[in-house]
Protein chains: 2
Amino acid sequence: MPTFTVDQLRRAGLSILRNVGVAEEDAECVVDHLVRSNLVGHDSHGMVVLPIYIEWIREGKINIQTKPEIIHETTTTAIVDGKWQFGQVSAKMAMNLAIEKAEEVNLGAVGILRCSHIGRLGAYSEMAVERDMIGVMMCNTGPADVVPFGGRESRLSTNPISVAVPTGKMKPFNMDFATSVVAFGKLRLLKNQGKPIPEGWVLNKYGEPTTNPADAFDGGMLTPFGGHKGYAFALLIDILGGALTGAGCTSSVEYQGGNGTFILVINPKAFGSKPDFEEKVDELFANIKETPPLAGFEEVLIPGEVESKIEETRRREGIPIDEVSWKQITRTAEELGLDIDEILNR
Amino acid sequence: MPTFTVDQLRRAGLSILRNVGVAEEDAECVVDHLVRSNLVGHDSHGMVVLPIYIEWIREGKINIQTKPEIIHETTTTAIVDGKWQFGQVSAKMAMNLAIEKAEEVNLGAVGILRCSHIGRLGAYSEMAVERDMIGVMMCNTGPADVVPFGGRESRLSTNPISVAVPTGKMKPFNMDFATSVVAFGKLRLLKNQGKPIPEGWVLNKYGEPTTNPADAFDGGMLTPFGGHKGYAFALLIDILGGALTGAGCTSSVEYQGGNGTFILVINPKAFGSKPDFEEKVDELFANIKETPPLAGFEEVLIPGEVESKIEETRRREGIPIDEVSWKQITRTAEELGLDIDEILNR
């Protein structure tokens, strides 16, 4: 598998986006997001999506000629119209707005409508942590490919959530996952390996439980994680990301694709002193880390810890991109008349 | 099983609390909470806990001679010191405060420390819905009886969460559950029925997976719902309920028992018009309700729907209280020199 440095991937991504006319600031926002997704191991939100984004620009699904705009605002809240600019550009702007509000009045909540694919949610909740705040990101998405608990037709999507929390000495907490029991990326891997999946993860196109991961890619449907409890979170995310923001719930007529996004930022200083809160969180995590592991586990992990470890490794050893994805990126560059090897070695 | 009307249970509860010197307003707050828990089917938070509360008053764990107090406040946030008054009194006061803030500035977040048992979380998120707002309640609790994902020693507790959302014509959404895969109440039932439980729900006192529900009551431990995802929510609730509020995380030295509670209220009006939001939520729920059910399910349910149905039945047919619980309540009344039959027939 070819491996790259952060700088190499960044140069490759920026060359491609500049070439199709993306403004410098927006190109940097998007490429930094993609490269960081690869860096922390969320490859499905990494450079692999760049060729798809180029397609979307051509098809008019992403509008690079516009700027997201605040269309409604109060001291604590706002609605941002993403205007189908890159989702990363809208989400970064909206998260910064929520952070500003939380700096001023301790809480900030911002919704985004007409918002393209925002990528890895953890990237935005991390922005709040960098400012010593708690960041919450959630969004709905399309198409509907997740069944409600007890149902056998898709009405929801993988509706992901991320919450990040600042710490003192410990690594920040960052939970960041889909509310389906499993993501399509993992199913694709298991399908390619010819492995069965536990019953309950996927329904086939007839709405019947299956243990064959291939069924997921043949009109199949995912189930929410954790039974009725995970389903409740999935539904809540459609309510906040879809109904509250005005983006529309995934299965509604008004939903036009992309990520109806809801952001919340909480300033811990409003509840006491910053060192006090961060010390308490450190103490909690130290206590959790000391839990003796269950048979089959090496250690107990804090959400976000896996990503931190992958980041350390990849900064040291380079970022691997699988052959298929790299070929797609190279082809996209070539179609634009770019010499990817020259860019990498620049 | 004896059944009672709301009024009968209310009279019985009020007589008992008045008799031990609880102020009228506080007694009403607590008894209304307990009776409503029974009414909607959450019997474990209903009248059954009244004898325990009387014990706690005697032991000084509940301090009926005090009032919860705001010890820190900003426009959007507050910390309430519950002073070990009944948790229901503190939580109601704190939720009202969060609602007031959300009325004024669209978002309100309130933490409670030194907070006794608050009971059914859905009761407070419902208060926000009555004011057309979204209510979020979460709390940690003790003792630690839940393992972190991949661990074999308890470091967390059942850390419940409730989120309630207003609707137009549909019944309000109210998700309200523990972040452990199962509650002790359900395990007790399965134990009494001699039924096995699926592997993964409970670890025995040696930290080994078990299918015997009795192990849960012999030093056993619960697991978080939904694997690492539910564990992340459990941990987040300890962070917000324990660390952010100052109540202390469940396994920390400073944790003194009770419920470290975090409340958030979101005013949907800040994001658009009230009818517009409620119509969108109605449409979502109608769409979800139309999902054809999976084999073994009668219908797809919206969180809170089961409780609404139980409430209708129990209002019509009376509230059943199991013999054992009713005997405990009767005994408590007798010890206080009260004639429970006279009170019921008053």
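Before the first stop, a term: a salt bridge is a side-chain nitrogen of Lys or Arg within 4 Å of a carboxyl oxygen of Asp or Glu. You're looking at a predicted model, where local features need pLDDT of at least 70 and side-chain atom pairs count only at pLDDT 80 or more, while totals for chains, interfaces and linings use all residues. Residues are numbered from 1 along each chain as its sequence is written, chains are lettered from A and ligands numbered from 1 in the order in which they are written, and side-chain values use heavy atoms, with hydrogens and water left out.

**Stop 1: where the chains meet**

Colour chain A and chain B separately. Across their interface the rule finds two salt bridges. Select B:E254 and A:K280 to see a salt bridge, with the closest N and O atoms 3.7 Å apart.

Now show the whole interface: 77 residues of chain A are in contact (heavy atoms within 4.5 Å) with 77 residues of chain B. Together the two chains bury about 6,400 Å², 75% of it on carbon and sulfur atoms. That buried area is the accessible area (1.4 Å probe) that two parts lose on being put together, summed over both.

**Stop 2: a helix inside chain A**

Next, select residues 122-130 of chain A, which make up helix α5. Helices (H or I, at least four residues) and strands (E, at least two) are DSSP runs, numbered from the N terminus.

How many of the nine residues of this helix are buried? Eight are, so α5 is largely enclosed by the rest of the structure. Buried means under 20% relative accessible area, exposed over 50%, and partly exposed in between (1.4 Å probe, protein chains only). Among the buried ones are A:Y124, A:E126 and A:M127.

Then step just past the helix to A:D132, which takes a positive phi of about 65 degrees.

**Stop 3: a buried asparagine**

Finally, click on A:N140, in the loop between β5 and β6 of chain A. Is A:N140 buried or exposed? Its relative accessibility is 0%, so A:N140 counts as buried.

Show its side chain along with that of A:D238: a polar contact of 2.9 Å joins the two. A polar contact is a pair of N or O atoms within 3.5 Å; within protein, one must be able to donate a hydrogen and the other to accept it, and residues adjacent in sequence count only if both atoms are side-chain atoms. The side chain of A:N140 also reaches the backbone oxygen of A:G248, at 3.0 Å.
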